[in-house]
Amino acid sequence: MASIKTLVQSQDLKSLPSEFAHFKDTQESIRTGPEVSVPVIDFSLLSSTDPDERAKVILDLGKACEEWGFFLVVNHGIPENLISALFNVCNEFFDMPEKEKLQFENKHPLYPVMVRSGTIDGNDCNQKVKLWRDYLRFFVHPEYHCPTKPKALSDIVLEYSRRTRDLAKKLLGGISQSLGLEEDYIEKAMELDSSTQIFAANYYPPCPQPELAIGIPPHTDPGLLTFLLQNGVEGLEIQNKGKWFQLTGIPGAIFVNTADQLEIMSNGKYKSVWHRAVLNNKKTRMSLVVANGPSPDTIVTPAPQLLRETPAAYGPMKYMEYVQVQRSSRLNQKPTLDQLKLH
């Protein structure tokens with residue numbers, strides 16, 4: 001299939017092509033949620049030598065995970081010029097001719113490189129309607145797989161993935177403590193030295209009828225924490241207490257959301273949050289995502305220390321098996337997380 005970018009550039013689209021219509025008419029169309037500001041976490045305070053300051057940020061982190069499952073991280077230490085270079089090189093990738101982009105696809109059983117348009121994670125076997133999104137997605141850890149073009153892509157993503165792995169490890173240390181566990185509990189139990197890390201670039205061109213189409217439908221993420229940067233164009237929405245809200249970013253800050261394995265590990269205290277990508281008819285939105293998960297072979301279970309007064313709410317499953325089950329059944333009604341619930 002031609003990319004959405006090519007479709008938009010090659011035709012003067014006044015209305016939405018029918019294969020992208022998730023909603024028949026404006027009566028049942030997507031209702032963009034009201035804007036909301038999620039909690040802001042100052043990452044630098046996790047390294048504070050002031051015990052009160054550090055205790056407060058750990059408390060704030062726990063509250064953000066419990067009440068929202070989404071927060072913004074500021075003072076994260078990742079240089080602005082690296083983030084800017086990452087956006088530029090990903091833009092270059094999407095500007096390449098179709099043929100050139102597609103040559104980087106591979107069907108590695110565990111670590112595929114995906115260059116796709118209109119599908120969810122390449123799983124379009126039971127997908128009736130196409131998504132208004134082009135994307136590039138590949139594993140960066142424990143094995144590194146990256147397209148060789150544009151030339152600068154590999155080095156830039158490698159550096160960004162290394163820095164975000166450190167960021168994830170430290171945030172998870174704070175989250176561990178917020179649950180009353182040792183700081184290194186999650187790092188050890190989830191075997192983060194060989195953590196699973198996936199990089200994805202999502203490209204959403206302007207859509208002629210944004211209220212009838214969708215970038216990514218509602219979903220939760222399979223891992224522990226997901227990081228997201230966007231190019232200043234909003235479109236990320238989260239569900240909180242049954243209602244949808246549009247998130248507003250802060251320049252240079254990183255969106256972080258809790259994911260399925262953190263819900264399992266916390267025995268349901270920190271819920272994996274449902275989110276979606278909505279569209280607009282004026283500007284291209286690009287989001288750059290890093291999904292941080294346990295090591296591929298880690299069998300994830302609730303932390304035993306959290307089960308002294310409460311029974312386990314989830315059964316065990318090896319992480320890579322979880323990812324593969326979710327990838328093959330994502331469009332079915334019952335999410336993988338629900339299949340592991342014990343009561």
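Asp338 is partly exposed, at 29% relative accessibility (partly exposed lies between buried, under 20% relative accessible area, and exposed, over 50%; 1.4 Å probe, protein chains only). Lys341 is also partly exposed, with a relative accessible area of 38%. The model is predicted: local features need pLDDT of at least 70, side-chain atom pairs count only at pLDDT 80 or more, and totals for chains, interfaces and linings use all residues. Residues are numbered from 1 along each chain as its sequence is written, and side-chain values use heavy atoms, with hydrogens and water left out.

The side chains of Asp338 and Lys341 form a salt bridge at 3.2 Å, N to O (a side-chain nitrogen of Lys or Arg within 4 Å of a carboxyl oxygen of Asp or Glu). The count of salt bridges is 14. Glu105 pairs with Arg116, with the closest N and O atoms 2.9 Å apart. This pair links distant parts of the chain: Glu105 sits in the loop between α4 (98-102) and β4 (114-117), and Arg116 in strand β4 (helices, H or I, of at least four residues and strands, E, of at least two are DSSP runs, numbered from the N terminus). Glu105 is buried at 17%. Glu159, Arg162 and Arg163 are linked in a salt-bridge network.

The largest nonpolar core has 66 residues (buried Ala, Val, Leu, Ile, Met, Phe, Trp, Tyr and Cys residues joined through side-chain atoms within 4.5 Å). Helix α5 (residues 153-178) gives the most to this core, with nine residues. Leu171, Ile175 and Phe199 have the most contacts inside the core (contact: heavy atoms within 4.5 Å).
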